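Here are a few exercises on charged side-chain pairs, each with a worked solution. Have your viewer ready and try each task before you read on.

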Amino acid sequence: MFEKFPGIGPRQARRFVQYLLVVSPAVRQEIAEQIKALGTQTAQCKKCYRWYTKEGSGATCPVCADTHREQSLLFVVEKDADIDNVERSNYKGLYFVLGGIIPLAAEEPEKHIRLRELIKRAEAEKPAEIILGLSATTEGDHTREILAEKLRGLSKISSLGRGLSTGSELEYADPDTIASALSSRT
Ligand SMILES: [Zn+2]
């Protein structure tokens, strides 16, 4: 079952199973309950599509629900973990999680990322600026080009690309680098 987890091979999966066989039934029970609770305590935000821990009955995450944030700025990222990192810089706008990146040879980009959802949100909210915070990789560049084309005319489109060094991913960039990439975005 662990082989289905991202980045886990058969050998690591076997080690996890061996661990579970060695620990006490109480520990196994606790782990099983935590996994079960994931489905009831977390929800996917209806606006930005990130997963968050539910505290009230709202359908959006705390960031989307926070009216004090800059509503005219929309930061587009590949995955949830990128948001956690961007939050450590000084960014105070809103987000949208693409849920992936467009492979170079992809013929239907909307099958790989939430392209339709992003266009819909841009049309509905008309943010003054959409910041494309994609990785400085070949696929990141490719995705950026497609997004810029699809969003043309809806908002001002800017990009962090040049502020991040080649090959770097937003998830691992330090907050100062993100802050400076944000202030020098073009
Ligand atoms: Zn949200």
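The exercises below go through salt bridges, their surroundings and the domains.

This is a predicted model, in which local features need pLDDT of at least 70, side-chain atom pairs count only at pLDDT 80 or more, and totals for chains, interfaces and linings use all residues. Residues are numbered from 1 along each chain as its sequence is written, and side-chain values use heavy atoms, with hydrogens and water left out.

**Exercise 1.** Find how many salt bridges the whole structure holds, then examine the one between Lys47 and Glu125.

Step 1. Recall that side chains of opposite charge can pair when their charged atoms come close. The criterion here is a side-chain nitrogen of Lys or Arg within 4 Å of a carboxyl oxygen of Asp or Glu.

Step 2. Searching the whole structure gives nine salt bridges.

Step 3. For Lys47 and Glu125, the N to O distance is 3.6 Å. Lys47 sits in the loop between β1 (42–44) and β2 (51–53), while Glu125 belongs to helix α5 (residues 115–125), so this pair ties together parts that are 78 residues apart in sequence. Helices (H or I, at least four residues) and strands (E, at least two) are DSSP runs, numbered from the N terminus.

Step 4. Shared partners join Lys47, Arg121 and Glu125 into one network of salt bridges.

**Exercise 2.** Work out which parts of the chain Lys79 and Glu171 link.

Step 1. Their side chains meet in a salt bridge at 3.5 Å, N to O.

Step 2. Lys79 is in the loop between β3 (70–77) and α4, and Glu171 in the loop between β6 (156–159) and α7 (175–183); these distant parts are 92 residues apart.

Step 3. Lys79 is partly exposed at 26% relative accessibility, and Glu171 is partly exposed at 24%.

**Exercise 3.** Find what distance separates the centres of domain 1 and domain 2.

Step 1. The bounds, from an automatic or database domain assignment, are 2–40 for domain 1 and 62–183 for domain 2.

Step 2. Taken over C-alpha atoms, the two centres are separated by 33 Å.

Technical notes:
Buried means under 20% relative accessible area, exposed over 50%, partly exposed in between (1.4 Å probe, protein chains only).
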